[in-house]
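Please read them with the model open beside you.

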Amino acid sequence: MTAAQSAGFKIFSVPSDTDSPALEAAMWSPCAAPAKDIHLRITVIPGVRDCPIAGQNLPLIVVSHGFGGSYLGHHDTAEALADGGFIVVAINHPDDTYANQARFRDYRALISRPTDIKRLIDFLLGPASDLASIDSNRIGFFGFSRGGYTGLVLGGGQPDFRAWFSPCTGSNAERCAHGSPDVWSIHNLIHDTRIKALVIADPFSRMFPTSDSLKMISIPVQLWGSQSGGDGVFPEDVATIARNLPGKSEFHLVPRAAHFAFLRPCPEELKNSKPNICVDDAGFDRVAFHKDFNQRVLTFFRQHLGAGEHP
């Protein structure tokens, strides 16, 4: 394998099918050329556009963003993984990405999210196999907030939506109004046994209240939680997940962190326009945290998936 100097970067689409719209996707991969600045609206990322992939039979990490997020929300983590020998692909989930205001409160997105990731993996291993040299036996998942929920389902979790929404009064009334029999049914949820390891950051997880809802997760899990939570994620719910996960799991609680600390450090323009997402409490250094966080995520995936060429 040629030594990676930076992360290659590519944008592509997964075509629509009879049931679902196209998926916008971004890929980071090991690149042998030095990094340059890539300007994507107000976001600047280091990398090389459309760089030939350095290596063969590489492990893949798929990334799922949180509520109203995008495929750029964890670009620093993706870059660290690509520098470490992984191919990383993130998507915009059509039903609750930043660009889809109309369905922000439609909880059918909780059903479609795992299917989105399955469609992505199908595409990367099938029609788009020429995009990247991926080892189909070494696939991992990274998810934040609703993306964390998505990973728990893909790994075998069985959410209890009825218990979470009941009773359909007060703050739950709007959720129930957007519900349907399909939303309450676990039979429409996709599990994907091709995924061999999960990193879950501050998951949206109230619908996993018992050990029974997680008992089918048999793959290694690295779980992260913020001390303060936020945006519908409660520290006690994440702690419940940590207690109830079976098998090989590890839990990291981040002191002084709130929910959005797991998003990449924001550029100044975004700090000014979205301080609720970008500005942390005094005493918490998001840049320093991400250096440690990204290294621990990389170490976990290397431990369970390896990196670089397959032996």
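1. In this predicted model, the side chains of Arg296 and Asp292 meet in a salt bridge, with N and O 2.9 Å apart; the term stands for a side-chain nitrogen of Lys or Arg within 4 Å of a carboxyl oxygen of Asp or Glu. Both residues belong to helix α10 (residues 286-305), where they are 4 residues apart, about one turn of the helix. Arg296 is partly exposed at 38% relative accessible area, and Asp292 is partly exposed at 35% (buried is under 20%, exposed over 50%, partly exposed in between, with a 1.4 Å probe and protein chains only).

2. A salt bridge also joins Arg119 to Asp17, whose closest N and O atoms are 3.4 Å apart. This pair links distant parts of the chain, 102 residues apart, since Arg119 sits in helix α2 (residues 109-125) and Asp17 in the loop between β1 (6-14) and β2 (23-31); helices (H or I, at least four residues) and strands (E, at least two) are DSSP runs numbered from the N terminus. Arg119 is buried, with a relative accessible area of 10%, whereas Asp17 is partly exposed at 38%.

3. Asp192 counts as buried at 6% relative accessibility, while Arg194 is partly exposed at 22%.

4. Across the whole structure, the search finds 11 salt bridges.

5. On method, residues are numbered from 1 along each chain as its sequence is written, and side-chain values use heavy atoms, leaving out hydrogens and water. Local features need pLDDT of at least 70 and side-chain atom pairs count only at pLDDT 80 or more, whereas totals for chains, interfaces and linings use all residues.
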